Each structure stands twice: as structure tokens, then as C-alpha cells.
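Have the sequence and the structure open as you read.

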Amino acid sequence: MSNSDTWTSSAPQESQLPQPKQPDKASGPVNDSAANGSTKKSTKTAPPEAAGPTDLIRANEESSHNAPVGADEHVSARISHPVPRQHTTEPDSLNTLLKGSANPDHADAPLHHLASKDASKGAKSSSKVMANADEKEAAMSGGFPAINGWLDSLPNPAWEKLGDKIYATPSTLKQRWQQQRVERAKAAELKERNRLVEVARAEAAAEAAKREAARVAREEAIAREAAAKAQAEADAEAAEKARVAAEAKAAADAELAEKAKAAAATQAAIDAAIAEKARVAAEAKAAAAMAEEAQLAGATEFKEDPETGLHARNLFSAPDAGRAPEEPASQWDDSPLGDGQRSKQHYASQPMGAEQLAELVASAKAAIDKQQATVEPLYEAPYALPETGENPEEVPADKRRRILLSIAAVVASVVSLICLSTLASGSVESLGSNYSLLSTAPSAHLLWPLIFVWSALSAAYSWTATQRSAVRQRLIGLPFTLAIVAGTLWMISAVNDWLLPAFVFSAASCWFLYTAVRGLNEKTARNHRERMLTDAPISLMTGFTLVVTASSFASLLQSWGADWAVTWVAPILVIATGYAAVALAMTERGRIILAIGFSWGMFWLLVPRAVGSHSSIWIAILAGMACFVALLATENRRYQIHHAEHRAARGKPTEFD
């Protein structure tokens, strides 16, 4: 509470508290006869001092019913039951106090009894009394009448307000304490909120810095990986170029060596043939010479006269019989050359005819074949080598084949995209992963759009100049088209839950794809583009269709209620499809795409059997083994063929089992 609330008042209020005691007066003679009641008596000791005006006022206030609350009285009781107050006007001075007693309106004044004592003396002693009163007042004030007067003039406190305030102090203090608690709680909450905000900001900044560092590190790692990949690709490309150059050089050297060996063998055969003919001619010449000598010896015996001698000279040997008359005789005369040299000179001088040349070439080829048969071959490919000849002439059937394949591939691509949501969601009961023991997860059918889009690219590739009339395109065109049509019809049947047509179409697709793979094996791909755009889509569809056919057959049996049959047939089907996939994947150089398609289907068959509600640990084990064996066997064949071809290119012997 403030001083203004306590002391401020519009008018002077009656004092409610006892005034402080005045200091005791010093003892001494008192000459105020009026106060003592007699002027003739004298006393040895000072009479009791008369009570001063302030003490009388205090006593009056203490005796009045408006006295302050005693020790045994509570302020709250006085506040709750207030007593009506009677205000009495206090005299301003002692004269007023004394004069007021003579006023009949103030008969109950506190000092009325003092004024009544000297009333009989009249106005003669009034001046003396006033003087004595002033002296007593000065003595009672202790020499500070101005201060005492000022203190007396101060207004009394408002006790009602003071009591109300004291009564309301606990609630006020409680309210202020509650308010301070609320303010402190708000301040603490604000401080905690600010702290949490700062912590959140710090964490956000740290997280942002961490993310930025991770992003920078990731970008640097990607850049390093890209650089390393580019360097590796460059190194691999350089190594591949060097390998191809070395292989080409080795092949060229081997070819030159083979050609040189063949030329040497041919030359040796020619020399042998010439030597054999020279030997035969020498023998004939020797025989002719012997016959001539015999004829000459016989001619000398019949020489009798000039006519006989003339007749003898007209005789000539067998060699002369084939000689024309105009030929000079010196050709058959003896010379310093031997018989063999003369025969070679004779055959060299005469040109060979067509029959003799053909005979000579045939004998040379026979000699070459005989020599090569004695040499062990370096490498024999376990597959049909690609043809290097020109494509045959294009016929109208080639164009019709390309049109049918293109239409079938495009329609199958569109149908697969339309049916993909139904196939992959498993909304059809027979397509669910738990329908039968060989039901695949719906996610397996995500491969169909890839197969048919790849088939559309294969159809587009068949329109190129090198494929329009290619022999391998003629072999696979119609079977592949029918396989695509059967696969499309299977999708339509599966979406509509037609299980029997679905099995029939999937089995037909398998047969057509098997026929197409056989055609690919007969005519091996001539380059990488043919292998990726012709062989790859057929192989991928073949491997996956094997799994789809087995699953369709098991679903058909399940729909007929033959649960016991499915239990026994399912393992047999897994083993059979695995064997078929491995057999087809190990053709040519190893069809890894076919093994991948089969493994994709087997993986999504394995997962439901291992963790689904219709589980079977044996089917899961068989599916996993079939998937693993198909991939391993195919990759092993590819490695062996690649290794054997490299060894053969280096001229080293190879064995391929």
C-alpha cells in the first residue's frame, strides 16, 4: 500500500491511534494557584503534575467506543461488523479547549471539568490563566511547539481502507504470487521454446550441412566412378582392339601359313606328277630305243643289194611311226642330253591340253587332301559356324512374312501394356501366387511388355537390307509370329480366367518357340546385331514361357479339384522344365538370355513357395536348383567355347567335350 492511500484525505480526520508520550517534565515549584485550587498553601514536594491536553485527548480516545482494536479483538471482526463512528471535532488550541467547556453545546467536552472550577472567579483571572496555560503548553511541548503542531496536524490514516487492505492482503499476495508464477512459467516456456527453436535450427543446419556434405561426396563418388568407368571402358576398348588386332593378325598369319602350306603341297604334287610322267616317258623312250636297236639289227641281215638297202633304210622305229614326214629327224637323234632331260624338254616344249591340265589339278588336290588328313585339326566348333555367303534373292513371301511378324509384335505389345495392371496385381484368382503349387507371384508377369516390345524391335530389324531375304529369317519368321500370337491369346485367356485355353495357348507358344530356336541353331548369327535383335527376344520368351506353361497346367488341375495330382505333378513339372531350359540354353555358343528368362520365372515361383500361405519347401528347393543349374551350365558353355576359340586363334591345340 502507498502513503497516498494511507495519509491523503480531503479533510482532517480524527486520530484513531494513541499519541506518543511526551517527555516527563522537570520537578519544580508551581505558582499556578488556579490550578492548585489555593494560593496560600505551600507544599514541600511537587504535587502530581496535571495531565496535559495531549494526554487528556489520548485518554479520551482510549475511553471512547471508537478506540483502536485491542489485543484480544480481531481486525476482521471489526471490518465485518463495523461500528458507526461519531466524529468529535478536536479543538485547535488550548484556549479553544478551555473556552469550549463554557459552551453549553460542548458540555461533554473532555476538559469541561477544568473550565468549571474557575468559572466563579470570572473574567478577572482569565488573562492570568491564559498566560499560565501558554507556559504549560510550551513546557509540555519540550520546546518544539511548531513540530508538535505539525505532527498533530497530520491527518489520521483511513482505518477502514487499511483494514480492507490488510484483510485482502493474503488474496492479493496469492493473486500476485499466482500471476508471478504464470509469468515465470510463460517466461520459462518462452525460454524453452526459444531454446528448442535454436536447437532445431542448429540440428537443421547440421542436417543440411550433413546432407550437403553427403551430396558433395556422392557427386564426387559419382564423378570418380564415371571417370573410373570411362577409363576402364577406354582400357577395355583398347585391350579389345589390341586383342582383335592380335587375333586378326594371328588369323592372317595362320591363313598365310595355310596358304603357303597348301601352295607348297600343290607344288610338290605338281612336281611329283611331272616326275611321274617324266619317268613314264623315260621308260617309254628306253623301250622305244631298245625296239629300234632290235629293228636295226634285223635290218642288217636282209641287206643284199642296193634295192634291199634302200628298203632297209625305209624302215623306221615305232617312235618314227607317229612322226610326220615333214618333221626333222634331228628331233629324235641322239644328243649329249640324257633320256630324262630329253623327255622333260619334249613335254616342256609342247603345251598341255585341257584334259591334261584337269588331270594334273585333280591329282594335286588329292595330294593336298591326303596331306591334310594326316594333320590333326586345331579346333572344331561344337556348333554350326555362321554362313558368310550372300543372301538369296528376295521373294514376295519374305515381304508377307515381315508384315505378319510386325503386326503380331505391335498388337502383342499393346495388349501386354493393357493387361499389365491385371496380370501384375493378381486380381484374378488363378493368377494369384497361392492358387496352386506352381503359381508364380504376379510380379513375374512384368516381363511380358519387355518381351513383346523387344519382339517389335526384332520385327523392325527384319526390314533392314541384310535381313529381308536372310535364310535364318525365313526359318524363324513364321514360328516366331505364331508364338507371339499364342502368347497374346494366353494373356487374354489368363485375364478372363479361362484356364483351359490359357494352357493350350501357352503349350502352343512353347512348341513354336522351340521350332524357332532350332532354326536359329541351324543358321548361327553372323554378327552381334543379329544375336541381340533376333536371337535374344526369342530366347527370352522361350525361357519364360516354359515356366508359364507349367504354371498354367498346375492351375488347370487345381481348378478341376485334383489337389493330389498337383502335389505329385508339380515336382515333375519343375524338373522337366528345368531340363528343357538347360538343353535349349546350351545350344550354339550358350543362350544366356534364355537361361535368364527361365530363372526369372523360377525365382517368382520360389518366393511364394518359401514365404507364402501355400508354401512347399520341396518345390522351393527344386525351383532354386533349376534356376541355378540353368545359369551355371549356360555360362560354363560360353566360357569353354570362348576359351577354346582363343587358344585356336593362338595356334594351340584345344579339346572340347
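## What the record says

A quick word first: UniProt positions are given here in the numbering used for this model, feature names are shortened, and annotations may be inferred rather than shown by experiment. Keep in mind too that this is a predicted model.

With that said, the unreviewed UniProt entry lists "transmembrane region" for residues 403–426, 446–463, 475–492, 498–517, 538–558, 564–585, 592–611 and 617–634. How much helix is there over residues 564–585? The chain is 100% helix and 0% strand there, with the end C-alpha atoms 32 Å apart. Residues 592–611 also come out as 100% helix and 0% strand, and here the end C-alpha atoms are 28 Å apart.

## Helix 19 against helix 20

Helix 19 covers residues 563–585 and helix 20 covers residues 592–611. They pack at an angle of about 160°, and their axes are 9 Å apart. Angles over 145 degrees count as roughly antiparallel, so that is what helix 19 and helix 20 are to each other. Their crossing is left-handed.

Who does the touching? On the helix 19 side, the contact is made by Val574, Thr577, Gly578, Ala581, Leu584 and Ala585. Helix 20 answers with Leu594, Ala595, Phe598, Met602 and Leu605. Sorted by class, this contact has nine nonpolar residues, two polar ones and no charged ones.

## Helix 20 against helix 21

Helix 20 also packs with helix 21 (residues 617–649): the axes come within 8 Å and cross at roughly 165°. That makes helix 20 roughly antiparallel to helix 21, and the crossing is left-handed.

From helix 20, the residues in this contact include Ile592, Ile596, Ser599, Leu606 and Arg609. Among those they meet in helix 21 are Ile617, Ala620, Gly624, Cys627, Leu631, Glu635 and Arg638. What does the contact look like by class? It has 16 nonpolar, three polar and three charged residues.

## Tryptophan 604

Tryptophan 604 sits in helix 20. Leaving out residues up to four places away in sequence, tryptophan 604 touches Thr440, Ala441, Ser443 and Ala444. Histidine 445 is 159 residues from tryptophan 604 along the chain, yet their C-alpha atoms are separated by 9.5 Å.

## Helix 17 against helix 18

Now for another helix pair. The axes of helix 17 (residues 499–522) and helix 18 come within 8 Å, crossing at roughly 150°. Helix 17 and helix 18 are therefore roughly antiparallel to each other, and they cross in a left-handed way. By class, you'll find 16 nonpolar, nine polar and one charged residues in the contact of helix 17 with helix 18.

## An aromatic pair

Seven aromatic pairs turn up, counting rings whose centres lie within 6.5 Å. One of them is formed by tryptophan 448 and phenylalanine 544: the pair is edge-to-face, at 5.2 Å centre to centre with 70° between the planes.

Which helices does this pair link? Tryptophan 448 is in helix 15 (residues 447–461) and phenylalanine 544 is in helix 18 (residues 528–559). The two are 96 residues apart, and the pair links distant parts of the chain.

Conventions:
Residues are numbered from 1 along each chain as its sequence is written. This is a predicted model: local features need pLDDT of at least 70, side-chain atom pairs count only at pLDDT 80 or more; totals for chains, interfaces and linings use all residues. Side-chain values use heavy atoms; hydrogens and water are left out. Axes are lines fitted to C-alpha atoms, for helices over the stretch in contact, and angles run from 0 to 180 degrees between N-to-C directions. Helices (H or I, at least four residues) and strands (E, at least two) are DSSP runs, numbered from the N terminus. Angles under 35 degrees count as roughly parallel, over 145 as roughly antiparallel, 65 to 115 as roughly perpendicular and the rest as oblique. A crossing is left-handed if the near helix is turned anticlockwise from the far one by less than a right angle, and right-handed if clockwise. Contact means heavy atoms within 4.5 Å. Ala, Val, Leu, Ile, Met, Phe, Trp, Tyr, Cys and Pro count as nonpolar, Asp, Glu, Lys and Arg as charged, and the others, Gly among them, as polar. Rings of Phe, Tyr and Trp (its six-membered ring) pair if their centres lie within 6.5 Å; planes under 30 degrees apart count as stacked, over 60 as edge-to-face and the rest as tilted.
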